[in-house]
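Hi everyone, thanks for coming. I'd like to walk you through one model today, so please have the picture up while I talk.

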Amino acid sequence: MKKHLSEIVSENICRLMELLDESSVSASKKAKMDQKTVWNMTRAESCNPRLSNIEKLAEALGVTPSLLMVESAFSEGLPDKETATLLRRVMALPPKARVQV
């Protein structure tokens, strides 16, 4: 059975936020989005997540929007501890510096 886009996005957001130790509150602040919108996206309650919201949240979490929309993006689970630490360090950089990494 094929998954709905909102379910794929929700699963990827949840896994990525877990990896980054982000809450929906902190992610919504970084994305400059309403906290309820982000929370709904993590619960697949947004039947049709707006592309603009996916883009904002992806940028705030340091990934491309397409990564949040690909079912197999996190199929291998979360990265190991070293990779997670590296990702946190990259996320601490200013957005323009992240592009260079």
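Let me begin with E22, which is buried at a relative accessible area of 16%. By buried I mean under 20% relative accessible area, with exposed over 50% and partly exposed in between, using a 1.4 Å probe and protein chains only. Before going on, a word on what we are looking at: this is a predicted model, in which local features need pLDDT of at least 70 and side-chain atom pairs count only at pLDDT 80 or more, while totals for chains, interfaces and linings use all residues. Residues are numbered from 1 along each chain as its sequence is written, and side-chain values use heavy atoms, leaving out hydrogens and water.

So which residue does E22 pair with in a salt bridge? The partner is K30, and the N to O distance there is 2.3 Å. A salt bridge here is a side-chain nitrogen of Lys or Arg within 4 Å of a carboxyl oxygen of Asp or Glu. In general, side chains of opposite charge can pair when their charged atoms come close. While E22 is buried, K30 is partly exposed, with a relative accessible area of 46%.

How many salt bridges turn up in a search of the whole structure? Two are found. Besides E22 with K30, there is K3 with E11, where the closest N and O atoms lie 2.7 Å apart. Here K3 is partly exposed at 29% relative accessibility, and E11 is partly exposed too, at 24%.

Now let's step back to the overall picture. The chain has seven helices and zero strands, and reading along the sequence gives α-α-α-α-α-α-α. Of the 101 residues in the chain, 35% are buried. As for contacts, meaning heavy atoms within 4.5 Å, take those between residues at least 6 apart in sequence: 63% of them join residues at least 24 apart.

A couple of pairs show how the chain comes back on itself. E7, in helix α1, is partly exposed at 33%. The C-alpha atom of E7 is 5.2 Å from that of A44, 37 residues apart along the chain. We also meet K30 again: the C-alpha atoms of K30 and A60 are 5.4 Å apart, across 30 residues of sequence.

Which residues of α4 are buried? They are N53, I54, L57, A58, A60 and L61. These residues sit on the same side of α4, because they cover an arc of only 160° around the axis, the arc being that of the directions from the helix axis to the C-beta atoms. A60 itself has 10% relative accessibility. L51, also in α4, is partly exposed at 46%.

What is the angle between α3 and α4 where they pack? α3 (residues 35-42) and α4 (residues 51-61) pack at about 95°, with axes 11 Å apart. The axes are lines fitted to C-alpha atoms, for helices over the stretch in contact, and angles run from 0 to 180 degrees between N-to-C directions. That makes the two helices roughly perpendicular, on a scale where under 35 degrees is roughly parallel, over 145 roughly antiparallel, 65 to 115 roughly perpendicular and the rest oblique. From α3, the contact uses T37, V38 and M41; from α4, N53, I54 and L57. Sorted by class, that is four nonpolar, two polar and no charged residues. For the classes, Ala, Val, Leu, Ile, Met, Phe, Trp, Tyr, Cys and Pro are nonpolar, Asp, Glu, Lys and Arg are charged, and the others, Gly among them, are polar.

Last topic: backbone angles. Most residues other than glycine have a negative phi, and most peptide bonds are trans. After α4 comes G62, with a positive phi near 80°. Then there is D21, not a glycine, yet with a positive phi of about 55°. D21 sits in the loop between α1 (5-20) and α2 (24-31), and is exposed at 67%. K32, in the loop between α2 and α3, also has a positive phi, near 55°, and K32 is exposed at 74%.

Key:
Helices (H or I, at least four residues) and strands (E, at least two) are DSSP runs, numbered from the N terminus.
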